[in-house]
Amino acid sequence: MTKLASIINMKGGVGKTTLTFNLASYLAELNDQRVLVIDLDPQANATVVSTEEDKYKAHLASKKTVADVFVHAYKTYGPVRSPKVGDLDLKDFLYEVYKSKSSNGRFDLIPSELMLSSVLKGMTLGPYDLDKLLTPQVRQQYDYILLDCAPTNSSLTTVALNTTQSVLIPMISDSFGAHGTALMKQVLDEHKYDYGISPKVIGVVFMMWENQENQITQSNEIIKSWTPGAVFRSRISKNNWYRVANGKRTTIWHTAAGREYKREFDNFVNEFIAKA
Amino acid sequence: MYRLNAAFSRYEQALRTLSDVDREAAIDLISSLAGVIELVKEPIGVAQPSSELKVIRNYLTKKLTEARSPASSKPESRDLLNHFRNELAHGKFHRKYGPNDTKRLAPFFWKVLEKSAPQWNPHELSNILAYCLHTSPSTNENLSSDQKKIVRFYKAIFNALDEDRQTSAFIELTLRLLSEPPFKGTLDSMVSA
């Protein structure tokens, strides 16, 4: 059964894209899983880190991005004339990031582009999910579908939460992180109120972790407010190797990062698989 | 005087590299020394400084006696617990921490936690203990509002763990709870009482 997750936090700069990209790559390369990442952020950071510049340009010239999903397919509600909705073919959107030569493991991406932010302006009526694209047949093609979300509460957040109905929340343990906890809870509560869907919290992951007193104190506040099962015990330490890896458009285990940093990512992935 | 200035210079250099906790202790020490130096600079015959020097001598004698005698268990446990936690928090834990340390410190830890229990929000207490012990929070209705029962519930879970898991759980418990005002306040009050 396909597992879906929105990687989300209302605060920017917490490592959402880094986590999404490394998680997707790990599952595909090291666990032989079939992974689809949808970049739902108009800033397109997941697209930048996952693609080669020339190949991405070629993709834009001949194929579609996630923005096109919203241009060509939306539901209508109330007294609004229903436009003719064309069929969406996943192949038109896919960018191949990784494909194993010896196993089923693969990492596909539906890229984003800046135009997505313009599309948002006209999205007052919907669509509210990606079901037109992620049909049951499409879902069967993947073990994991991950949505990298923008750090704002917008129609795209609604789309993500309705589509995946589960969230993975990267968080930095500082005073902003504690505030972000309150915001995330508010977003999830509002979503339940608006759509009757209470997304499953796969977990809160502490990013850029330093075993320092202020982080321990702030993380205590976060642990106290979420149920313990919803806070990952594995943490991603603060280290420059993620920045180095992102710059080279690769993952941390393809860098010279110390064994302890790679091991902690192993631990995180194992915990993610168990919780997702 | 030259030696004194050199010593202060070395002290200031060292101060910059210290953790907050060590820096505070170092500042206390140097303030005390500065006070003593001010006193001894005064003529010995002046009544006030000599009487203060006498107070200092008595204090130091008392502390020396205490240090040489077997320490009472409460301050020792408090200091060990604080020391242990600070080493963990400041990344300076050099020796290997093992089950014997847990056996020595855990009973005192749980005693402090139980005493601090009424000061906690029951839900938050349960969440943080469950997280540290890698378990689910209790769903027992009878426990939900009784903090002492919550502490005993998780203490039983802790005691049932094998040595290795007990040790890793105790490290997590110490790191997290010694940052919490109810626990820290109770720990201090139990020693000064």
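Two salt bridges cross the interface of chain A and chain B, a salt bridge being a side-chain nitrogen of Lys or Arg within 4 Å of a carboxyl oxygen of Asp or Glu. The side chains of Lys224(A) and Glu180(B) meet in a salt bridge at 2.7 Å, N to O. This is a predicted model, in which local features need pLDDT of at least 70 and side-chain atom pairs pLDDT 80 or more, while totals for chains, interfaces and linings use all residues. Residues are numbered from 1 along each chain as its sequence is written, chains are lettered from A in the order in which they are written, and side-chain values use heavy atoms, leaving out hydrogens and water.

**The interface**
- Chain A brings 20 residues to the contact and chain B 19 residues, where contact means heavy atoms within 4.5 Å.
- Between them the chains bury about 1600 Å², 49% of it on carbon and sulfur atoms; buried area is the accessible area (1.4 Å probe) that two parts lose on being put together, summed over both.
- Lys224(A), Pro228(A) and Arg233(A) supply 40% of the area that chain A buries against chain B, more than any other three residues.

**The nonpolar core**
- The largest nonpolar core has 75 residues, of which Ile38(A), Leu113(B) and Phe183(B) touch the most other members.
- Such a core is a set of buried Ala, Val, Leu, Ile, Met, Phe, Trp, Tyr and Cys residues joined through side-chain atoms within 4.5 Å, with buried meaning under 20% relative accessible area (1.4 Å probe, protein chains only).
- Not counting residues up to four places away in sequence, Leu113(B) touches Trp120(B), Leu125(B), Leu129(B), Val151(B), Leu177(B) and Phe183(B).

Terms used. Buried means under 20% relative accessible area, exposed over 50%, partly exposed in between (1.4 Å probe, protein chains only).
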